[in-house]
Amino acid sequence: MDVKDASDGGADPKRAGFLGFVAHEARNPLSTALWSAELLGRMPAAERAGARGEKLSAMCLRSIARVRQLVEDHFLCERIDAGGILFRPEPVALRE
C-alpha cells in the first residue's frame, strides 16, 4: 500500500478510508472493554461474582478478542502486501 507524501496533497484516499475503518473498529471494542473493566472494579466483590459481574466480564473478553482479531488481520494483510507470505495458486475441482 503506497502512501503519498503529505506535501503532495495527502495520503491515498483508499488507505485513509481503510485506516479510518480500522481505527473505528478498534476503538469501539476497546471502549467497551475499558468501561466493563472500570465498572467491575467499582462493584462490590459479592456483586462481581454474580450474574452482572459475569455479564460484564464476558463483554470485556469479547471486546478484547475482537480487537485482537482485528490486529491479527491487519498484520496479515500487511505481510501479504509486503510479500512476506508466498502463494501458490492451484486449480480446485468443484462439483456441479
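**Figure 1. The cysteines C60 and C77 in a predicted model.** C60 counts as buried because its relative accessible area is 13%, where buried means under 20% relative accessible area, exposed means over 50% and partly exposed lies in between (1.4 Å probe, protein chains only). C77, at 38% relative accessibility, counts as partly exposed. The structure holds zero disulfides, a disulfide being a pair of cysteine sulfur atoms within 2.5 Å. As a reminder, a disulfide is a covalent bond between the sulfur atoms of two cysteines. This is a predicted model, in which local features need pLDDT of at least 70 and side-chain atom pairs count only at pLDDT 80 or more, while totals for chains, interfaces and linings use all residues. Residues are numbered from 1 along each chain as its sequence is written, and side-chain values use heavy atoms, with hydrogens and water left out.

**Figure 2. The whole protein, built from three helices and zero strands.** Along the sequence the pattern reads α-α-α. Helices (H or I, at least four residues) and strands (E, at least two) are DSSP runs, numbered from the N terminus. Of the 96 residues, 19% count as buried. The accessible surface comes to about 7,900 Å², and 60% of this surface belongs to carbon and sulfur atoms; accessible areas come from the Shrake-Rupley method with a 1.4 Å probe, and for residues only the protein chains shown count as cover. How much of the contact set with a separation of 6 or more comes from residues 24 or more positions apart? Such pairs account for 43% of those contacts, where contact means heavy atoms within 4.5 Å.

**Figure 3. Helix α3 and the residues it buries.** Helix α3 covers residues 51–81, and its end C-alpha atoms are 45 Å apart, which agrees with the 45 Å that its 31 residues should span at 1.5 Å a residue. The expected span of a helix is 1.5 Å times one less than its number of residues. Which residues of α3 are buried? They are G53, L56, M59, C60, S63, V67, L70 and H74. Their cover includes α1 (13–42) and α2 (45–48).

**Figure 4. Helix α1, seen through its buried residues.** The 30 residues of α1 should span 44 Å at 1.5 Å a residue, and the end C-alpha atoms are 43 Å apart, which agrees. Buried in this helix are R15, V22, A26, P29, A33, S36, L39 and L40. These buried residues of α1 pack against α2 and α3.

**Figure 5. The salt bridge between R15 and E78.** Side chains of opposite charge can pair when their charged atoms come close. The closest N and O atoms of R15 and E78 are 3.8 Å apart. This pair links distant parts of the chain, with R15 in helix α1 and E78 in helix α3, 63 residues apart. R15 is buried, with a relative accessible area of 17%, whereas E78 counts as partly exposed at 24% relative accessibility. In total, the structure holds five salt bridges, a salt bridge being a side-chain nitrogen of Lys or Arg within 4 Å of a carboxyl oxygen of Asp or Glu.

**Figure 6. E25 and its partners across the chain.** E25 lies in helix α1 and counts as partly exposed because its relative accessible area is 24%. Which residues does E25 contact once its neighbours within four places in sequence are left aside? The contacts are with R66 and L70. With R66, E25 forms a salt bridge whose closest N and O atoms are 3.3 Å apart. Here too the pair links distant parts of the chain: E25 belongs to helix α1 and R66 to helix α3, 41 residues apart. R66 counts as partly exposed, at 47% relative accessibility.

Figure 7. Just after α3, G83 takes a positive phi of about 80 degrees. F87 is placed in the segment after α3. Is F87 buried or exposed? At 63% relative accessibility, F87 counts as exposed. Together with L76 and I80, F87 makes a nonpolar surface patch of about 300 Å². Patches are made of residues with over 30% relative accessible area and no salt bridge, with like charges joined within 9 Å and nonpolar side chains (Val, Leu, Ile, Met, Phe, Trp, Tyr) within 5 Å. R88 meets E90 in a salt bridge, at 2.8 Å from N to O, and R88 counts as exposed at 69% relative accessibility.
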